[in-house]
Amino acid sequence: MRFDVLTLFPEMMESIFSASILGRARTAGFLDVHCVDIRDFTKDKHRKVDDTPYGGGYGMVMTCQPAVDCIRHVKAQAEGTTRVIYLSPQGKVLTQQKAKELCSYDRLILLCGHYEGIDERIIELEVDEEISAGDYVLTGGELPAAILVDCVARMQDGVLANRECYEKESLSDGLLEHPQYTKPRVFEGLEVPEVLVNGNHALQEKWRREQALERTKRKRPDLYEKAFPEGDTPTQK
Ligand code: 21W
């Protein structure tokens, strides 16, 4: 899958995508992420990309010309199915389910706004969908775009060492994960649960499932209710 991140801060985004698991996946050729500088597309002699809002109000608004030309330029190189997404506080909040749906495209073009927002006509002309990172206020769409890339990229073949890593994990089945432990067996008097040290595999599976259910019920009753509506009893696998 190919991602194009359209931003005024390409060097900030580039550093995020060069580190850790995503960086390794890119080097290994499993992931194609391009950061495109919207400012490179401005036709203004002072390289301006924003202006004051019509009708008054504080702050600056991203202008149409650089953003629209940038999107069209990137779209023109595109092969296969493409989705243009504007990261926006007004979008639908990103979920694991939404991320899975986005996997069906060959290319995602992610537009990051900054300042007080972008000219509405950019959305009207070129944007297919708006997505938010959650109900809190940030300074721009860059971090939400990084979240989206991270979340969708790790579902692609070759990015994680083990496919099960994401198919079996937290939130994929709508539940939180069981607690995890590693060495040493006792730390400051706290012991690793006996079943994980001595139990058989079937017992350990059962324990993990019970822990996942108990934790979800206690820490995220909203998720628990979604997974088991109206007191549906979960099946013990
Ligand atoms: C924050 C832009 C507030 C605009 C109209 C009239 C992208 C984001 C962002 C930002 C405003 C996301 C106004 C979660 C976020 C983002 C920057 C409002 C005032 N508009 N997900 N007056 N939170 N944030 N501007 O902030 O661009 S996805």
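Which residue in E6 is the bridge partner of leucine 87? The views below, all taken from a predicted model, get to that one along the way.

**View A. The chain splits into two domains.** Domain 1 covers residues 2-153, and domain 2 takes in 168-227. Going by C-alpha atoms, their centres sit 37 Å apart.

**View B. Five strands make an open, parallel sheet.** Read across, the order goes E2-E1-E6-E5-E7. At the edges you'll find strand E2 (32-37) and strand E7 (129-132), each with pairing on one side only. Ignoring direction, neighbouring strands in this sheet are turned by 30 degrees against each other on average.

**View C. Here E1 pairs with E2, and helix H1 lies across both.** Six bridges link strand E1 (residues 2-7) to E2 in the parallel sense. Look for aspartate 4, which stands opposite histidine 34 of E2. Helix H1 (residues 10-18) runs at about 165 degrees to E2.

**View D. Strand E5 meets strand E6.** E5 spans residues 82-93 and E6 spans residues 107-112, with six bridges between them in the parallel sense. Back to the opening question: the partner of leucine 87 is cysteine 112. To get from E5 to E6, the chain passes through helix H4 (residues 96-102), making a right-handed β-α-β crossover.

**View E. Strand E5 also pairs with E7.** These two run parallel and are joined by five bridges.

Definitions and conventions. Residues are numbered from 1 along each chain as its sequence is written. This is a predicted model: local features need pLDDT of at least 70, side-chain atom pairs count only at pLDDT 80 or more; totals for chains, interfaces and linings use all residues. Side-chain values use heavy atoms; hydrogens and water are left out. Domain bounds come from an automatic or database domain assignment. Two strands pair if DSSP finds at least two bridges between them. Helices (H or I, at least four residues) and strands (E, at least two) are DSSP runs, numbered from the N terminus. Axes are lines fitted to C-alpha atoms, for helices over the stretch in contact, and angles run from 0 to 180 degrees between N-to-C directions. Contact means heavy atoms within 4.5 Å. A crossover is right-handed if, with the strands pointing away from the viewer, the path from the first strand over the helix to the second runs clockwise.
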